[in-house]
Amino acid sequence: MVSGMKFSVAMSVYYGDEPAAFDRALKSITADQTVMPDEVVIVIDGPVKPQINDIIEKYKEQYQFFKVIKLPENKGAGIALKTALENCTHEIIAKMDSDDISAPARFEEQLKILEENPSIDIIGGNITEFIGSEDNIVGIRAVPQKNEEIYNYMKKRCPFNHVTVMYKKSKVLEAGGYIDLFWNEDYYLWIRMAECGCNMANTGTNLVNVRVGEEMYKRRGGKKYFESERFLQKYMRMNGMISFRTYFINVSLRFIMQRLLPGRIRGWAFRTFAREKKD
């Protein structure tokens, strides 16, 4: 067991979240964990379904370490994440989404690595992806484990599965924290943390089971999403992280995927080329 390292969990929830999935997500980071968090910070991003409020109240009664911040209007993921981060008490913060399921030993595994390697500033891991039933695994997104591998991978793709990360609050704030950027707040943050010289790692194990579907792939397309992706590529190019050739290839591939392909075909392409198949 890990001892002496207190940590917070940062989450946000909004109107579109399904109560049953939210309840399952909360259970996975509390009752189902081998190491319980010392604090769970939930940002309610604008009005939510009454059942969501009921679930939060249930967990607040059961666990005294729940802290809830309500935003009167929906501000979007970037602002909600920024608010959650700023309201976390502890230096170590674990990210969690409102509809996914953390593996039972997730926190214990990450804390052990941080305890044994105090120079690591952020530690993530792989995800499995499921549709419908939790055991209906349709894909695995594996990410590189070592710092140098992560830095190189970052030049082409996001090197962390956001829902799996555990990081040091001071290092995230040093890099400027979360900045609102349509569906890319996390990738933008990792790039800026890399610029600050942060030490990065991934466990190489599956830490979170992620709920997916056609709607997720539809969100990863369209003009607004492509423009945020192109902004990141331009940012890396202007700051010397990638060459013009890499910039051109990255933007061209994203244009095809996000602007030209219909949502259904985009989903097939993601599952076929950007995910590993379950054995």
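In this predicted model, the largest nonpolar core contains 39 residues. Ile122, Met154, Tyr167, Trp190, Ile191, Met193 and Met200 touch the most other members. Two strands, S2 (39-45) and S3 (66-71), each supply at least two residues of this core. H7 gives the most, with seven residues. In soluble globular proteins, nonpolar side chains tend to be buried together.

Trp190 was examined for contacts beyond its neighbours within four places in sequence. Its partners are Ile122, Met154, Cys158, Pro159, Phe160, His162, Val165, Tyr167, Tyr178 and Met200. Another core lies apart from the largest one. This other core has 36 residues, and Met11, Ile44, Ile52 and Tyr59 are among them.

Helix H7 also packs against helix H9. Their axes come within 10 Å and cross at roughly 10 degrees. Angles under 35 degrees count as roughly parallel, and H7 and H9 are therefore roughly parallel to each other. H7 makes the contact through Tyr187, Tyr188, Ile191, Arg192 and Glu195. H9 contributes Phe231, Leu232, Gln233, Tyr235 and Met236. By class, the contact has seven nonpolar, one polar and two charged residues.

The structure holds 14 salt bridges. One of these joins the side chains of Glu134 and Arg24, at 2.8 Å from N to O. Glu134 lies in the loop between strand S6 (122-130) and strand S7 (137-141), and Arg24 lies in helix H1 (residues 19-28), so the pair ties together parts that are 110 residues apart in sequence. Glu134 counts as partly exposed, because its relative accessibility is 33%. Arg24, at 23% relative accessibility, also counts as partly exposed.

A salt bridge also forms between Lys67 and Glu39, with the closest N and O atoms 3.2 Å apart. Lys67 is in strand S3 and Glu39 in strand S2. The pair links distant parts of the chain, 28 residues apart. The two partners fall in separate accessibility classes: Lys67 counts as partly exposed at 28% relative accessibility, whereas Glu39 counts as buried at 6%.

The side chains of Glu57 and Lys60 meet in a salt bridge at 3.8 Å, N to O. Both residues belong to helix H2 (residues 50-62). They are three residues apart there, so about one helical turn separates them. Glu57 has 38% relative accessibility and counts as partly exposed. Lys60 has 32% and counts as partly exposed. Elsewhere, salt bridges that share partners join Arg24, Lys27, Asp32 and Glu134 into one network.

Leaving aside its neighbours within four places in sequence, Lys60 is in contact with Phe66 and Val68. The C-alpha atoms of Lys60 and Val40 are separated by 9.7 Å. Along the chain, Lys60 and Val40 are 20 residues apart.

Conventions: Residues are numbered from 1 along each chain as its sequence is written. This is a predicted model: local features need pLDDT of at least 70, side-chain atom pairs count only at pLDDT 80 or more; totals for chains, interfaces and linings use all residues. Side-chain values use heavy atoms; hydrogens and water are left out. A nonpolar core is a set of buried Ala, Val, Leu, Ile, Met, Phe, Trp, Tyr and Cys residues joined through side-chain atoms within 4.5 Å. Buried means under 20% relative accessible area, exposed over 50%, partly exposed in between (1.4 Å probe, protein chains only). Helices (H or I, at least four residues) and strands (E, at least two) are DSSP runs, numbered from the N terminus. Contact means heavy atoms within 4.5 Å. Axes are lines fitted to C-alpha atoms, for helices over the stretch in contact, and angles run from 0 to 180 degrees between N-to-C directions. Angles under 35 degrees count as roughly parallel, over 145 as roughly antiparallel, 65 to 115 as roughly perpendicular and the rest as oblique. Ala, Val, Leu, Ile, Met, Phe, Trp, Tyr, Cys and Pro count as nonpolar, Asp, Glu, Lys and Arg as charged, and the others, Gly among them, as polar. A salt bridge is a side-chain nitrogen of Lys or Arg within 4 Å of a carboxyl oxygen of Asp or Glu.
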